[in-house]
Amino acid sequence: MAKQIFNTTTRRVTATPRSKRLRAGGHGASAGVGMSAGQTAGYIDVPEDRGKKYVHMKFSDVENPSTEDDLLDTPSTYVGVYIDNDPVSSTDPTRYQWLRFQGEQGEKGEPGKEGTDGRDGLMVYPAGEYDMDTTYSSEGETTPVVMFKGEYYMLRSGKTYYGREDPYGTETPADDVGSYGDDSRWIKVDRFNSIFADIVMVDFAKLGSAVFYGDWMISQHGIRDGAESSEYQYFKDGTFAPNFAVNFKTGETRIGSGKAVIVIKNGKVTCHKMESTEAMITSGKIAGFNIDRDFLTNEGMNNDATIIMQNVPDGTYAGIGPGVLPPSNGETAVARFENTPPEHLDPFEAPLYGIQVKASGRAENIALSIGSGFVEGMAMRNTIIDPLIRSWQLKHRDYNVIALNTDTCDVTLPEMGPADDGHVIRIKRLGAGLVRVYARANYTIQNAEAYLSVPPIIVGANEHVLPGWPLNVESAGDSMELVWVRDIARTIDGTKYYGAWVQYKMPRDW
């Protein structure tokens, strides 16, 4: 009998002159060529002449194909076969003997065996080897799994089990399952499924420090109720914050649970809390700024990168860079500072500052230097001494002092420190009472050392008011300006004084 090969559409066979027929046997869903429906074997006519013979095979979606378009080279519902001496298969459907290749739809079978119940959505956590003296509880959405004699058991949802004093007389999960079957409190867990499907464990050892639950992979350590904890079974109800968590479905990543909580979600990185002794970034880029060691510079030193910190409800604004003013008005500035909260005209509230500038530590300290241009809209602080005031201590921030006292009032000049020089106080008497001005002890620098002493008040070339004596503003309407001169030294009556207040008279023009 000729040998047939069924992995090509052209089949080569060898036959003797007596081999007039080639038997074809069915395999699987196929049937022999030249068979009627239901047959499992048949015959194909083979030419009697000697020589090489070829088996040709085509497939079709229709029972009796009539055109070349009905022929297919891949298995389909019907198969056609013929044998000749030509290695090239014909495209004429009538040359093929056709039969059904795919079987008819069979009758509906009997219902299959009922499968086991699916998981109830509980978060399963390994609770170690079973201990008769331990109470096991399935609380909320978590349940423990224990190992007993090499087998694993999971506690059913809402159940509690204490083997030592079990009211049903069982002492182990195996006893419970064996005695009560479907009504047992424990469910025996197949070891294979526990490893590859529901739970990953090796005799309840940790898989590194990770727990897999649903779409989440979380660390076994974190924070619960404000304290360090490994009770990761409470992750589902939100009371356990793992040190690390990643959602493989959404990509959400959480890093840290206590001192720092960083969440990466939807392309955004959010730091909810940061308590760190040191955070060092030595290189890289933030928006249009380059980070270079201890410097934050705009890229290339020539772009419009600007740092702006603004709190609209509080009316605060701090900006450094060329973009701190709106471009619509054509004005430009490189710095802008505002402190304009909603108005509260309460005299007892602390003052507001737009900017504080301070320089100290040298013999000469320049807090603000204006190289060119002018100061616009500048105002100096006013200090009012009420009519009933009898003594007043001036402070560094005082400048214009208006005395309305109706009786004698002693006004003490502010204390000056080693870095102070050139401080100005202007006093105007508008009340009926006498104003007596006293100097207090100030710091001066002599020979690189600081001295604390009460200075004189110099009123003329050879006129002065010694420490402890007042400089009087004699008449209502009189005024004067006093300037602190730190580096002046003068000997008066054999005593050398360092530093002095110098009076500038401001006469009335009447």
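Residues are numbered from 1 along each chain as its sequence is written, and side-chain values use heavy atoms, with hydrogens and water left out. Because the model is predicted, local features need pLDDT of at least 70 and side-chain atom pairs count only at pLDDT 80 or more, while totals for chains, interfaces and linings use all residues.

**The sheet S22-S23-S24**

Strands here are DSSP runs (E, at least two residues), numbered from the N terminus, and two of them pair if DSSP finds at least two bridges between them. Three strands, in the order S22-S23-S24, make up an open sheet with antiparallel pairing. Strand S22 (283-286) and strand S24 (295-298) stand at the edges with a single partner strand each, so one side of each is left without a neighbour in the sheet. From one strand to the next the twist averages 25 degrees, where axes are lines fitted to C-alpha atoms and angles run from 0 to 180 degrees between N-to-C directions. Strand S23 (residues 289-292) pairs with S24 over four bridges in the antiparallel sense, and Ile291 has Leu296 of S24 as its bridge partner.

Thr282 lies in the loop between strand S21 (268-274) and S22. Thr282 counts as partly exposed because its relative accessibility is 46% (buried means under 20% relative accessible area, exposed over 50%, and partly exposed in between, with a 1.4 Å probe and protein chains only). Thr282 and Phe295 are 13 residues apart in sequence, and their C-alpha atoms are 8.9 Å apart in space.

**Salt bridges**

A salt bridge is counted when a side-chain nitrogen of Lys or Arg is within 4 Å of a carboxyl oxygen of Asp or Glu, and by this rule the count comes to 12 salt bridges.

| Pair | N to O distance |
|---|---|
| Asp398 and Arg381 | 3.6 Å |
| Asp410 and Arg436 | 2.7 Å |

Arg336 is partly exposed at 22% relative accessible area, and Glu338 is likewise partly exposed, at 32%. Asp398 forms a salt bridge with Arg381, and this pair links distant parts of the chain, 17 residues apart, with Asp398 in the loop between strands S29 (391-393) and S30 (400-403) and Arg381 in the loop between strands S27 (335-339) and S28 (382-385). Asp398 is buried at 5% relative accessibility, whereas Arg381 is partly exposed at 37%.

Asp410 and Arg436 meet through their side chains, linking strand S31 (residues 409-412) to strand S33 (residues 435-438) across 26 residues.
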